[in-house]
Each structure stands twice: as C-alpha cells, then as structure tokens.
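Let's walk through this model together, from the overall fold down to individual side chains. Keep the viewer open as you read.

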Amino acid sequence: MQNEIVNIMAEYGDTVSVYAKNLSDNKVLVSHRCNKVFRSPTVMKVMVMVEALKQIEDGQYKLDDRIEIKEKGISYLSLIRDLSISSYTLKDLIVLMMTANDYIAINTLLNLFGMESINKRAERMGLIDTKVQRLMLDFDAIEKNRENITSIRDMSNILEKIYNKSVFKNLEVSNFSVEMLKYQRVGRGIRNYIPEWKTTYRSGELGDFYHDIGIVFLENANFILGIFVDDALDPLEALEIISRIKKAFLKNVAQGVG
C-alpha cells in the first residue's frame, strides 16, 4: 500500500501528506510527510471541541449552559445566521461546529474558551504542530500570515486518543466526543468514497488546499486515514489527488494488504 500511494503522491510534488494506520493492531500502513505543517482553517475544530469538553468535565461549564450569540453577520457558512434564536446551549454550538462546520458556532466557541487555552491544551497533549491563531474569516489576520496550522501527525494523534477514550475521564463526555466525530454533514471527503462504511472524519477546504482525516470502522478492523493537500493547481486537482489515494487505500484494504 505504501509504495502505491507514494507513487501517486510523487506525481504532484511536495504538496501531499498521507497517513494510514490500522487501529486494531497498531500497524502504520502509510506515513509520508506527516510532520509537514499545513494551514488548517477548520480541521483544528477538533481541538476546540476537546478544550470545550475538558472545561465542561472540570466543572467550569455545563453542556446545557446557554451562550449568547453576539455576531450573526460574519458568515454565509452558518445555519445560526439564518435562525431567529439569540442563544444556544454549549452542546448545540459544539454539534453545529462539528457536524455542520458552522463558522459562527466555531467563532463563538473560540472566543468563549480562548485561543491561548486551546493552544496550551494542544501542547500538553503532545500536539507540536497545532496552533490556533485566528477566527474563521478573519481576513485581516490572514493578510498578516496569522494562520491556524496543524499536521497529519498531530491530527492523527488526537483522533487516536479520542478513539482510545484516553482524553476524558468522564465516560459520557468521552462517548459524546466520539459521536461528534462521526456526524459531519458537510464536505466531500472520506465518506464520499467509503459510503457503505461507518466513518468519522474532519475535512476542510479553501482555495488550493483540502484536508481530510478520519477513522474508518470496518467489521474486522478500524483505520485512521488522513490526506492533506496544499498548493494544488485548483480545488479540482486537490479532490482528484484525494480520490486517487482513497481508491488505492480501499483496494488494498479490500485485498487485505497492509
């Protein structure tokens, strides 16, 4: 599997990172450029969820605490903008962030829990490439090269910790975090190519890059599969790269390779 996928990646230069691991036997199947740091506008929301749930677990907040929405006009990428409700529970905001990629929900949680707290949590969890430095659609920050960044190494690390239920002490909170990973309803990622399998995945796309990482649950084995593409010629090329790599992964898994 490794050689076939690396050969595909070689056609596109230094633009792609890929990671695949069998979680059932802890065997790494593919690991290529996994320490490459990428811009990551929305994949980092996994760490936003982790910080929110850790503070809830520590008793600083409750899932049913209501949070006032202070700004609704920032994004067309939001269900909240079009609704008449002025406040939401923390659970609602986490669900909207994780399942619908709602930018207002993401920004509300970023402002509530703070980028500094999220970044410190990431450091304590061993995520060395992940840093949250701006809100969604903060174009002034983008112009100043203040980007949210991460790597496949970090994202696979946190996904595996959540999968192993080693992030949270409270089992109910831990189970909730896994459920939130399963139900993203937007994006054109792993689930498009693995429709018959249960998957968790986080995807993010903007312009010339597309990031996709998740957990694939099969009958006899579970896998982490991540593909990050940066500096593609256009979004269609990025999706083509992801499509080819995922099809190679599917073929090899079906054949029992790796």
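Start with the contact pattern: of the contacts in the protein chain with a separation of 6 or more, 59% are between residues 24 or more positions apart, where contact means heavy atoms within 4.5 Å. This is a predicted model, in which local features need pLDDT of at least 70 and side-chain atom pairs count only at pLDDT 80 or more, while totals for chains, interfaces and linings use all residues. Residues are numbered from 1 along each chain as its sequence is written, and side-chain values use heavy atoms, with hydrogens and water left out.

How confident is the predictor? The average pLDDT (the predictor's confidence in each residue, from 0 to 100) is 85 for the protein chain, and 86% of the residues score at least 70. Take care with residues 187–202, where pLDDT stays under 50.

The protein chain has ten helices and nine strands; these are DSSP runs numbered from the N terminus, helices being H or I with at least four residues and strands E with at least two. Of its 258 residues, 54% count as buried, that is, under 20% relative accessible area with a 1.4 Å probe, protein chains only.

Now look inside. A nonpolar core is a set of buried Ala, Val, Leu, Ile, Met, Phe, Trp, Tyr and Cys residues joined through side-chain atoms within 4.5 Å. The largest one has 54 residues, and Met49, Ile94, Ile158 and Ile162 touch the most other members. Elements that each supply at least two residues of this core include H3, H7 and strand E8 (209–217), but the largest share, eight residues, comes from H2. Apart from this core lies another, of 27 residues, with Met1, Met9, Ala20 and Ile227 among them.

Ile94 is one of the buried residues of helix H3 (residues 90–100), as are Leu90 and Met97. After H3 comes Asn101, with a positive phi near 55 degrees. Ile158 belongs to the buried set of H7, together with Asp154 and Glu160, among others. Not counting residues up to four places away in sequence, Ile158 touches Val46, Met47, Val50, Met125, Leu127 and Val167. Just after H7, Lys165 has a positive phi of about 60 degrees.

Finally, turn to H2 and H5, which pack with their axes 9 Å apart, at an angle of about 95 degrees. They are therefore roughly perpendicular, the term for angles of 65 to 115 degrees. Axes here are lines fitted to C-alpha atoms, for helices over the stretch in contact, and angles run from 0 to 180 degrees between N-to-C directions. Among the residues that meet are Met47 and Val50 in H2, and Ile118 and Arg121 in H5.

Definitions and conventions: Buried < 20%, exposed > 50% of the residue type's maximum accessible area, 1.4 Å probe, protein only. Parallel < 35°, antiparallel > 145°, perpendicular 65-115°, else oblique.
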